[in-house]
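Good morning, and thank you for coming. I would like to take the group through one structure and its aromatic contacts.

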Amino acid sequence: MNYFPDEVLEHVFDFITSHKDRNSVSLVCKSWYKIERYSRRRVFIGNCYSISPERLIARFPGLKSLTLKGKPHFADFNLVPHDWGGFVYPWIKALAKSRIGLEELRLKRMVVSDESLELLSKSFVNFKSLVLVSCEGFTTDGLAAIAANCRFLRELDLQENEVDDHRGHWLSCFPESCTSLISLNFACLRGEVNLGALERLVSRSPNLKSLRLNRAVPLDTLQKLLMRAPQLVDLGIGSYVHDPFSEVYNKLKIAFQRCKSIRSLSGFLEVAPHCMSAIYPICGNLTFLNLSYAPGLHGNKLMKLIQHCRKLQRLWILDCIGDKGLGVVALTCKELQELRVFPSDPFGAGNAAVTEEGLVLVSAGCPKLNSLLYFCQQMTNAALITVAKNCPNFIRFRLCILDPIKPDPVTNQPLDEGFGAIVQSCKGLKRLSLSGLLTDQVFLYIGMYAEQLEMLSIAFAADSDKGMLYVLNGCKKLRKLEIRDCPFGDAALLEDVGKYETMRSLWMSSCEVTLGGCKSVAEKMPSLNVEIIDECEQMEFNLDDKQKVDKMYLYRTLVGHRKDAPEYVSIL
Amino acid sequence: MEGCVATELRLGLPGTDNVRNKKRPLQEADEECGANGKSDAQDETAPPAKAQIVGWPPIRSYRKKNIQAKKNDSEGPGIYIKVGMDGAPYLRKIDLKVYSGYPDLLQALENMFKFTIGKYSEREGYKGSDYAPTYEDKDGDWMLVGDDPWELFITSCKRLRIMKGSEARGLGCGV
């Protein structure tokens, strides 16, 4: 197979960047495997327990960038106890001991201690980029270590993490010599920051393209920062509270006029929406607008803002925009590809919410729509069928009706036909989340039509095991399946255990599977870890195989049972 | 009353008697949830119980905490009042504190009850539609919404009523 010297093949492989493609390349023959592994720079590990750091290091000695994901997705909704796992420390420790020149670390849903951050900051001379999404376990002390020790830091991006904020001084830890910052996002921090240090940092960072501030950064600081960084492409505003007749506000208007490169705007963590007009000059160029943390911005002020955003491709918004506001989006944002509508009052009386009408309007006005996350009060089959017709290009379709088993309010029927239309029309659909009243029928449709489906989330649906079987038999590309509160039992679970080896993971909670059923899977498939999460510790007192299992999480792995599971997790 | 069984709220599907027995003592929220097989046939027309199911709706806890924090931030407790509209089968409740002024409030009412209100003027009230928003003040009088400054309105408003028809058209015109 080797007609070319290794260097030539390596050069060719340089052009192959997607993880999937590189994985395929490595399977062609031994020689390609060898060349590929030495030239691989970026590795993505979707489940940190599927492989060990030692094996990673052994295979890819040239590793520069590592992405790791820890807890299962349902951990986002408090369905997984805090200390379940997903610790990054062993990874950093192993990498630090090795000769790997790590430059980039991206973590999602992992537990990150200050100790890990400190070790990270001291172990890799060329470390450039730290991205933490939905992580927890660290404080601003850990951030201080990163700031102080990573001399060539380009990116510090903190998205929606639970950080213990010890107030303030971590920003001052960036040395005067640090001038390499390209991206700084600390919007999720709740505490004060040293504003002077922030201004000086921005002043000495000529390559800064992305800056997302937290609530503690007031308007007058924002204005100063914008004057020093007119080259910004992505801006997250902290506090937008001001007196519209003040000098600061006038200066802010001028600052925004100078920022000709801003394409992405978010934040408004605190907003008094009297005068959004200062923002209008940048609205025309925006491709991404995230107002999902700004409940203070609604009604006419919000609609006026949106009417300026004609080039928007991605919009994240709260449901207080209302169906009417979505109508404005439909008329204005013809380039829209992604829409996320979050609930502003998830447990409230449902005053401020959207319905199927808003979604239909957007689907009619925005033909490029391909990604949706929509929390709404209600949905109808007719609306979903219309949406499916208007937008056949959905890749991601996630619908969350706030009342999880609500039928079509017009016909009182389940929403099977509506979702069926979506999967039949959207041939490229990769991710689907269902809600509302649903029978086995919708799963028949999913199994039949959703050929590209990779991730499916199901809650409070189906009548019987048939539902789960339709999906497992039909969706050949399924990688992640997460199910809660459905009547799926052992018969469905055990029908085709080999299938789970082709998937990343399966989560089932509050279903009908029994301890015996789970044990059976574990016995037949040694390449899977079958975890039973039992917070009430009922299993201790009742080891009856017929006992229903509260939470089961199974995933394929090359390294057997993990050693860091807490007491209430049994790995069968 | 047979039709009621089909639309009873429960976690099982209509047509099944599948009430799943969940013995999880720590998850009391599930037991309290109105959709747990203990629904009342007479309740099927009322809005469902908004008891909290663990992990539902599926919002990241970071985002949920943010909503909580924002709610706690707004000074003091909300001002919850009932809103009724002529012809509607049941009343709604709103918190006057979340609105920034009259246009905001009226738009929310339009969304909630699916109607359009006319344009307000001091001279003629709400011109151009069959509806007029009114409120009961501390003295028990029914007043037209919009005459008072907003801050004064929210402290004196006890309940809202959207009047319809000839009654509404009469309001504000030379009264």
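I shall begin with the annotation and chain B, and then turn to the cores and the rings. Please keep in mind that this is a predicted model.

Let me start with the record. An unreviewed UniProt entry assigns the feature "domain: F-box" to residues 4–45 of chain A. In the model, that stretch is 62% helix and 10% strand, with 31 Å between its end C-alpha atoms.

Chain B comes next. Its secondary structure consists of six helices and seven strands, arranged along the sequence as α-α-α-β-β-α-β-β-β-β-α-β-α. Of its 175 residues, 41% are buried. If we take the contacts in chain B between residues at least 6 apart in sequence, 46% join residues at least 24 apart. The accessible surface of this chain is about 10100 Å², and carbon and sulfur atoms account for 52% of that area.

Now to the cores. In soluble globular proteins, nonpolar side chains tend to be buried together. Here the largest nonpolar core has 186 residues, and the members that touch the most others include Leu66(A), Phe186(A), Phe397(A) and Ile446(A). Which residues does Ile446(A) touch, leaving aside those up to four places away in sequence? They are Val423(A), Leu432(A), Leu434(A), Leu453(A), Leu456(A), Val471(A) and Cys475(A). There is also a second, separate core of 27 residues, with Phe113(B), Leu144(B), Cys157(B) and Leu160(B) among them.

I turn to the rings. Over all chains, the structure contains 23 aromatic pairs. One of these joins Phe397(A) and Phe419(A) edge-to-face, at 6.4 Å centre to centre and with 85° between the planes. Phe397(A) belongs to strand E16 and Phe419(A) to helix H16, so the pair ties together parts of chain A that are 22 residues apart in sequence. Both residues, Phe397(A) and Phe419(A), are buried.

Another edge-to-face pair is formed by Phe443(A) and Phe488(A), with centres 6.1 Å apart and planes at 80°. This pair links distant parts of the chain, 45 residues apart: Phe443(A) is in helix H17, while Phe488(A) is in the loop between strand E19 and helix H19. Phe443(A) and Phe488(A) are likewise buried.

Ring pairs also connect Tyr49(A), Phe74(A), Phe77(A), Trp84(A), Trp507(A), Tyr553(A) and Tyr555(A) into a cluster. Over the face of Trp84(A) lies Arg562(A), 4.3 Å from the ring centre.

Finally, one contact brings the two chains together: the charged end of Arg63(B) sits over the ring of Tyr293(A), at 4.3 Å from its centre.

Terms used: Residues are numbered from 1 along each chain as its sequence is written. Chains are lettered from A and ligands numbered from 1 in the order in which they are written. This is a predicted model: local features need pLDDT of at least 70, side-chain atom pairs count only at pLDDT 80 or more; totals for chains, interfaces and linings use all residues. Side-chain values use heavy atoms; hydrogens and water are left out. UniProt positions are given in the numbering used here, feature names are shortened, and annotations may be inferred rather than shown by experiment. Helices (H or I, at least four residues) and strands (E, at least two) are DSSP runs, numbered from the N terminus. Buried means under 20% relative accessible area, exposed over 50%, partly exposed in between (1.4 Å probe, protein chains only). Contact means heavy atoms within 4.5 Å. Accessible areas come from the Shrake-Rupley method with a 1.4 Å probe; for residues, only the protein chains shown count as cover. A nonpolar core is a set of buried Ala, Val, Leu, Ile, Met, Phe, Trp, Tyr and Cys residues joined through side-chain atoms within 4.5 Å. Rings of Phe, Tyr and Trp (its six-membered ring) pair if their centres lie within 6.5 Å; planes under 30 degrees apart count as stacked, over 60 as edge-to-face and the rest as tilted. A charge sits over a ring if NZ of Lys or CZ of Arg is within 6 Å of the ring centre and within 35 degrees of the ring normal.
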